[in-house]
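The following exercises concern a single protein model.

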Amino acid sequence: MSRTEKPCPRCEKPFQCNAADISNCQCFKVQISPKAQAFIAKRWQECLCNQCLKRVQFQLISADY
Ligand SMILES: [Zn+2]
Ligand SMILES: [Zn+2]
């Protein structure tokens, strides 16, 4: 069980990511659409922080992507 704080690849703000146990990672708890999930997975290899996840999803919605 490793819980690590790492910088968000998008905003560079440190956040808690638990990649070893993804269902306990905060990124997993943010409710994002499958579209946003696919977009994020394509663009970033790592998890984004909570704020960025929400922001990216909001951008996708407003761009009607
Ligand atoms: Zn971020
Ligand atoms: Zn994560």
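**Exercise 1.** In which loop is Ser33 found? Classify the residue by its accessibility, and give its distance from Leu60.

*Solution.* The model is a predicted one.
Step 1. Ser33 lies in the loop that runs between helix 1 and helix 2.
Step 2. The relative accessible area of Ser33 is 29%, which lies between the limits of 20% and 50%, so Ser33 is partly exposed.
Step 3. Ser33 and Leu60 are separated by 27 residues in sequence, and their C-alpha atoms are 9.8 Å apart.

**Exercise 2.** Locate Glu12, and state whether Glu12 is buried or exposed.

*Solution.* Step 1. The loop between strand 1 (4–7) and strand 2 (14–17) holds Glu12.
Step 1. Glu12 has a relative accessible area of 64%; because this is over 50%, Glu12 is exposed.
Step 2. As to the backbone, Glu12 is a residue other than glycine with a positive phi, near 65°.

**Exercise 3.** Describe the surroundings of Lys6.

*Solution.* Step 1. Lys6 belongs to strand 1.
Step 1. With a relative accessible area of 18%, which is under 20%, Lys6 is therefore classed as buried.
Step 2. Beyond its neighbours within four places in sequence, Lys6 contacts Lys13, Pro14, Phe15, Cys17, Glu46 and Cys47.
Step 3. With one of these residues, Glu46, the side chain of Lys6 forms a polar contact of 3.0 Å.

**Exercise 4.** Which members of the largest nonpolar core touch the most other members?

*Solution.* Step 1. The largest nonpolar core has 17 residues, and Ile40, Leu48 and Leu53 touch the most other members.
Step 1. At least two residues of this core come from each of strand 2, helix 2 and helix 3 (50–62). Helix 3 gives the largest share, four residues.
Step 2. Not counting residues up to four places away in sequence, Leu53 touches Cys27, Val30, Ile32, Ile40 and Leu48.
Step 3. As background, nonpolar side chains tend to be buried together in soluble globular proteins.

**Exercise 5.** Characterise the largest pocket by its volume and its lining.

Step 1. By type, the lining of the largest pocket comprises ten nonpolar residues, two polar and one charged.

Notes:
Residues are numbered from 1 along each chain as its sequence is written. Chains are lettered from A and ligands numbered from 1 in the order in which they are written. This is a predicted model: local features need pLDDT of at least 70, side-chain atom pairs count only at pLDDT 80 or more; totals for chains, interfaces and linings use all residues. Side-chain values use heavy atoms; hydrogens and water are left out. On a 1 Å grid over the protein atoms alone, a cavity is a set of points where a 1.4 Å probe fits but cannot get out, and a pocket is an open set with protein on both sides within 12 Å along at least five of seven lines; lining residues have an atom within 4 Å of a point. Grid points are joined across faces, edges and corners, and a volume is the space filled by probe spheres set on the points. Ala, Val, Leu, Ile, Met, Phe, Trp, Tyr, Cys and Pro count as nonpolar, Asp, Glu, Lys and Arg as charged, and the others, Gly among them, as polar. Buried means under 20% relative accessible area, exposed over 50%, partly exposed in between (1.4 Å probe, protein chains only). A nonpolar core is a set of buried Ala, Val, Leu, Ile, Met, Phe, Trp, Tyr and Cys residues joined through side-chain atoms within 4.5 Å. Contact means heavy atoms within 4.5 Å. A polar contact is a pair of N or O atoms within 3.5 Å; within protein, one must be able to donate a hydrogen and the other to accept it, and residues adjacent in sequence count only if both atoms are side-chain atoms.
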